Amino acid sequence: MTADSRAVGATEELDLPEMGQWALVWRRFSRHRLAYLGLIVLVFFVVLSFGAPWLAPYPYDKINMNDNYSLPSAKYFLGTDELGRDIFSRLLYAGRISISVALVSTLLSSLVGIIVGAAAAYWRGVTDMILMRLTDVMLSMPTLPLLLVFSKMLREYPTLKDTFGDYLSVFVLVTILTLFGWMYPARLVYSSVLSLRETEFTEAARALGSSGWRILFSHLIPNSMAPVIVISTLGFGQRVVLEATLSFLGLGVNPPVPSWGNMLSQAYAYMLRNPWLAVYPGLFIFFTVLAINFLGDALRDALDPRLKV
Amino acid sequence: MRNYLIRRLGEMAVLLLLISALVFVILSFVPGGPFDLLIFSNPRITAAEIKRLNEAFGFDKPLYIRYFQWLVDVAGGHWGTSWGIAYGRPVTEVILARLNNTLILMGAATLVSVIIALPIGIYSAIRQYSWADYFVTSLSFFGMSMPTFWFGIMLIVIFAVGLGWFPTGGVSTYGLEGDILDRIRHLALPVTVLSLFNVATWSRFVRSSMLEVLRQDYMRTARAKGLRENVVIIKHGLRNSLIPVMTMLALEIPGLFSGAIITETVFSYPGMGRLFWDGVMAADWPVVQGLVMITAFLVIACNLVADVAYAVVDPRIRYD
Amino acid sequence: MVSRKQALLEVKGLKTHFFTEDGIVPAVDGVDFSVAAGETLGIVGESGCGKSVTALSVMRLIASPGRVVAGSILFEGRDLAQSSQEEMCDLRGNRMAMIFQEPMTSLNPVYTVGEQIREAVQTHDRQISDGAARVRAVEMLRMVGIPLPEERYRAFPHEMSGGMRQRVMIAMALSLAPALLIADEPTTALDVTIQAQILELMKDLRERVQTAVMLITHDLGVVADMADKVAVMYAGEIVENADVYSLFREPLHPYTQGLLASIPTLASTRNQRLNVIHGTVPNLLRLPPGCRFAPRCPKAMDICRQVRPTLRDVDGGRQVSCWLY
């Protein structure tokens, strides 16, 4: 068995210099047929959501009480809700909010995480102790209960209310998802910068007179990005689900701004009258997140086969 | 081991103190107070009267004094008084009334999940790339990609509303309290929801842990001894692969509380999770503070149990 | 002289291939050798030449995606290539046993070393009582020179050094007095002084237990010290079969010559260059059409690059696979 792995390892080593690192990553990625499918589905939903103003047949808030609870028809592609609003149009506009909230909070979390992790690993000492201790404490807290409490707290603030108006709940959601999401990338960046700073090429860069900042930004951080990309992709999917969950509990995105989560929350109230209202947003969430997860899985295999997240 | 435990318990106490202070401070910033309900039900009450009430109960004191007072009360077993959902009743009483229901729900869900996740995780590792393995992989992708509450709603729509096999929610039928079968019928759907998600993640974890073990040199040694394949898998493989699985389970148990908040809300199940949500929505901070402390305690205690359990099953780990 | 004794193990035309995503890897590609009772055969070659796969094929421990695709493995008159896994289980650890390269990871970390030896005993001797199996395990620990065997019986693998663990592996392998012991690089992972101790122990036990040994190594020194016969492997094939004295006195195959020349000796002068074999081991997925060693061979001729040579008998009861002879 050892000889087998050696033999196979030898062939890969022979291929490496010819292909280059990114070609190898692409080769491993493209082995996943499901990842292609995931990419196509994700692009489809993103285009559909962000193209809402052009693609949606009706405005998301157009009420027509004469047509409420319509079944799917030529006039209303997926039917209408309890107020006679076109479900399909609402799904597109809602998707724009749901995807944006998840995407922005994921990017912010990764950014904060990279800064915290890199700073702690690069400067060590007191910075390391304070930051990583904080990370550990944050990780050992029950997340969902605190998310709910924080959401409740922030949305009652008069100044924030005046600044953001209807979009207050969106701002609050992005803030709390970032506040409780940066620890995972921070941990990953911390451990990989910690090991990278001891390697020869860091020594070499230092010997050539590069400054600390330069080494940090042009060597250490870029070289620890692979696991961050993977965990951020999977985290993006989780945040779409989390948006829906918090909105369902009334502490995520609130009406009149539509999101997949609060559409489900309203549908829950009318579930006995028209169960279909609850089906569509759920399916949109399910397929979007499934696509993201397929993508994340393929990225993990391609970028870092040994990574377990 | 004794010194280690003492040190860990000390750390635990510090962490709990920290969390309690943090939550206390956060909650004090949120609008909402003990006499909101009074103001609401009696519009003619004057601001001066509210001020007098606040002074009488010490709510006008500086934050750190109030926190200190709360700590002293908690040490004496008084967790405060609900000022929202269960007006005027002691927090301990309100929480204890719900504790049982949540423990039953979480216990049943955990049991069902472990019984399903372990065998399918092991099987899919042994038969890697078989159809069973692909089934487990797909299941875990489905589980990860679906909001819990939506799955719950779908179950209600299909099995409660559509087919009428199970009740839509609650904990027992009026007049049938204490009937075991009725209780099980009420538990069936929420337990299914919680279990699907646990099985999805746990079976995947068991699988990867088992795969890791199957690659080890000592498995080859066991085969070279002439052991039958099933003995190799069960005696040498399972024992080793269960070490990380046990740790994972201990760490997941507090996560069940998050699941309980969602599931209990969807199924109107009167447990601690539902209580927490009601508490947050009604700004009933004494109740919320109590529940957060209980969950935080659970999380930290389970961490400790996980570490100790680790030392018990893995002879390589010794704490000094 | 190749022994004329009745062969205990006779391998003919053995092929073990790995069916990988990138193609079929012929890790062992038509190998012949034999081991007589009580004899020691050394199999030498570089990493990845198929020595370990050959050993695991004999034990029938090749795991997917690998498979024995051709050849026969006659052991005590029975063809192991045709045996069921059930029959193999009765032989393994009983009539044939194996020790591995990595003593640090070859023992199960959650059981004591004593339990692991006792398990081997009880797997094949089902009549034996727990107490008697335990006594036997302690005896084996004493036999491989582990001090305080009664106490060490209760030790976990991580409480022992690499050398001690390899002794435990040997005790486990020999606990049922097998007719054949396969040792796959048994000393490679150990310190030099420990290596010598383990080799001495193996030599001693070989006599006491009367077992044949199939010794797999890349270390020609170990071969010279231990083996009666030697098979030299290159890229999945045996290129030379000879008794140990003839091989070291007069290596025939250019690869063997290269291997011997690359051993530094104290006698070599400081300025003398160490002889090395140029080039690298061929990729088993893209083998040259002729002799597999031809691209690196200093004596390669036209025919070598076109036609693959086969293992042929030459003078002195030796065999070599080379167009020069």
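Reader: Which residues are linked in a network of salt bridges?
Author: Asp29(C), Glu237(C), Arg292(C) and Arg308(C) form that network. A salt bridge here is a side-chain nitrogen of Lys or Arg within 4 Å of a carboxyl oxygen of Asp or Glu.

Reader: Before I go on, what kind of model is this?
Author: This is a predicted model, where local features need pLDDT of at least 70, side-chain atom pairs count only at pLDDT 80 or more, and totals for chains, interfaces and linings use all residues. Residues are numbered from 1 along each chain as its sequence is written, chains are lettered from A and ligands numbered from 1 in the order in which they are written, and side-chain values use heavy atoms, with hydrogens and water left out.

Reader: OK. How many salt bridges are there over all chains?
Author: A search of the whole structure turns up 28. Between chain B and chain C the count is four.

Reader: Give me one of those. What does Arg228(B) form a salt bridge with?
Author: With Glu86(C), and the closest N and O atoms are 3.4 Å apart.

Reader: What area do chain B and chain C bury between them?
Author: About 2,200 Å², with 57% of it on carbon and sulfur atoms. Buried area is the accessible area (1.4 Å probe) that two parts lose on being put together, summed over both. On the chain B side, Arg220(B), Lys225(B) and Arg228(B) supply 30% of the area buried against chain C, more than any other three residues.

Reader: Arg220(B) again! What does Asp217(B) do with Arg220(B)?
Author: They form a salt bridge, with the closest N and O atoms 4.0 Å apart. Both sit in helix 9 of chain B, three residues apart, about one turn of the helix.

Reader: Are those two buried or exposed?
Author: Asp217(B) is buried, and so is Arg220(B). Buried means under 20% relative accessible area, exposed over 50%, and partly exposed in between (1.4 Å probe, protein chains only).

Reader: What about Arg215(B), buried or exposed?
Author: Arg215(B) is exposed, with a relative accessible area of 59%. Arg215(B) has a salt bridge with Glu212(B), the closest N and O atoms being 2.8 Å apart. Glu212(B) is partly exposed at 27%.

Reader: Switching to chain C. What joins Lys51(C) and Glu185(C)?
Author: Their side chains meet in a salt bridge, 3.5 Å from N to O. Lys51(C) lies in helix 1 (residues 51-58) of chain C and Glu185(C) in the loop between strand 7 (180-184) and helix 7 (192-209), so the pair ties together parts that are 134 residues apart in sequence. Lys51(C) is buried at 4% relative accessible area, and Glu185(C) is buried at 5%.

Reader: Back to chain B. Where is Thr102(B) found?
Author: In helix 5 (residues 91-126) of chain B. Thr102(B) counts as buried, at 1% relative accessibility.

Reader: Which residues does Thr102(B) touch?
Author: Leaving out residues up to four places away in sequence, Thr102(B) touches Glu264(B), Tyr269(B), Gly271(B), Met272(B) and Gly273(B).

Reader: Last one: how many helices and strands does chain B have?
Author: Chain B has 13 helices and zero strands. Buried residues make up 49% of its 320 residues.

How values were computed
Helices (H or I, at least four residues) and strands (E, at least two) are DSSP runs, numbered from the N terminus. Contact means heavy atoms within 4.5 Å.
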